[in-house]
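Me: I would like to go through this model with you, beginning with the strand pairing. Please keep the answers plain.

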Amino acid sequence: MSIVSVPDEPARPSNSRFAYLRWGLLALIQLALISIPMVDRLQVQVSGTVVSLELVPVDPRDLLRGDYVIINLAIGRLSTDLPGADTVKSGHTVYVELARDGTASAQPVSMSQTPRQSGELVIAGTVTSVSDDKIWVDYGIDAFFLPEGEGRVIEKLDTSRVLLEVAIAEDGRSLPLTLLVDGEAFKSDGTF
């Protein structure tokens, strides 16, 4: 009787190794999906132009996240006399051109339904309502979170003393950065 030797088969990776690779790949995909909004926020913060905007704060509480100031931007209520406002309807995306005058808050000077021309500072928003004399615009900046107990301080201040510094990217996206009281930083929300 002769013994026939069978050549060794190449070793196959174990199923457990593939399982680890699959779980690792899934974890990387989840991390990438989680980081997309943070990358967008960081891009606006780093490349955006910082302007101060007037606001009317109200101070509620969120049981899970603590105090916050509801942001009611003064530029959220625009006159229908603003250049470019005559064709705007509820639901339209608009680009509001802002003008800065030194350290004062930025003021709206015109409105358009198309992205800005070079050299203009614009903030993008959505028209929520239109009346005979006013246009209400939502810029997606609706809350500024504060540490527990500090929202009451802002609530008691005269609203003319409070401004919000906002970073505005070239495409009109905006991000709240710093709450200013009497021109000084009170709290910062946007730093990474």
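Me: In which sense do strand 7 and strand 8 pair, and over how many bridges?

Reply: Strand 7 (residues 121-130) and strand 8 pair in the antiparallel sense, over 4 bridges. Two strands are said to pair if DSSP finds at least two bridges between them. Helices (H or I, at least four residues) and strands (E, at least two) are DSSP runs, numbered from the N terminus. This is a predicted model, in which local features need pLDDT of at least 70 and side-chain atom pairs count only at pLDDT 80 or more, while totals for chains, interfaces and linings use all residues. Residues are numbered from 1 along each chain as its sequence is written, and side-chain values use heavy atoms, with hydrogens and water left out.

Me: What do strand 7 and strand 8 form, and how many residues lie between them?

Reply: They form a hairpin, with 3 residues between the two strands. Within this pairing, Thr126 has Asp138 of strand 8 as its bridge partner.

Me: Which strand does strand 4 join, and how do the two run?

Reply: Strand 4 (residues 77-79) is joined to strand 8 by 3 bridges, and the two run antiparallel. Leu78 has Ile135 in strand 8 as its bridge partner.

Me: Changing topic: which residues lie nearest the centre of the largest pocket?

Reply: Asn72, Leu73, Gly76, Arg77 and Val137 lie nearest its centre, out of 15 lining residues. Strand 8 gives the most to this lining, with 3 residues. A pocket, on a 1 Å grid over the protein atoms alone, is an open set of points with protein on both sides within 12 Å along at least five of seven lines, and lining residues have an atom within 4 Å of a point.

Me: Which residues meet in a salt bridge?

Reply: The side chains of Arg173 and Asp171 do so, at 2.8 Å from N to O. A salt bridge is a side-chain nitrogen of Lys or Arg within 4 Å of a carboxyl oxygen of Asp or Glu, and the count by this rule comes to 1. Arg173 is partly exposed because its relative accessibility is 24%; Asp171 is also partly exposed, with a relative accessible area of 43%.

Me: Finally, where is Leu25 found, and is it buried or exposed?

Reply: Leu25 is found in helix 1 (residues 15-47). At 52% relative accessibility, Leu25 counts as exposed.

Note on methods. Buried < 20%, exposed > 50% of the residue type's maximum accessible area, 1.4 Å probe, protein only. 1 Å grid on protein atoms, 1.4 Å probe; cavity = no way out; pocket = protein on both sides within 12 Å on 5 of 7 lines; lining within 4 Å.
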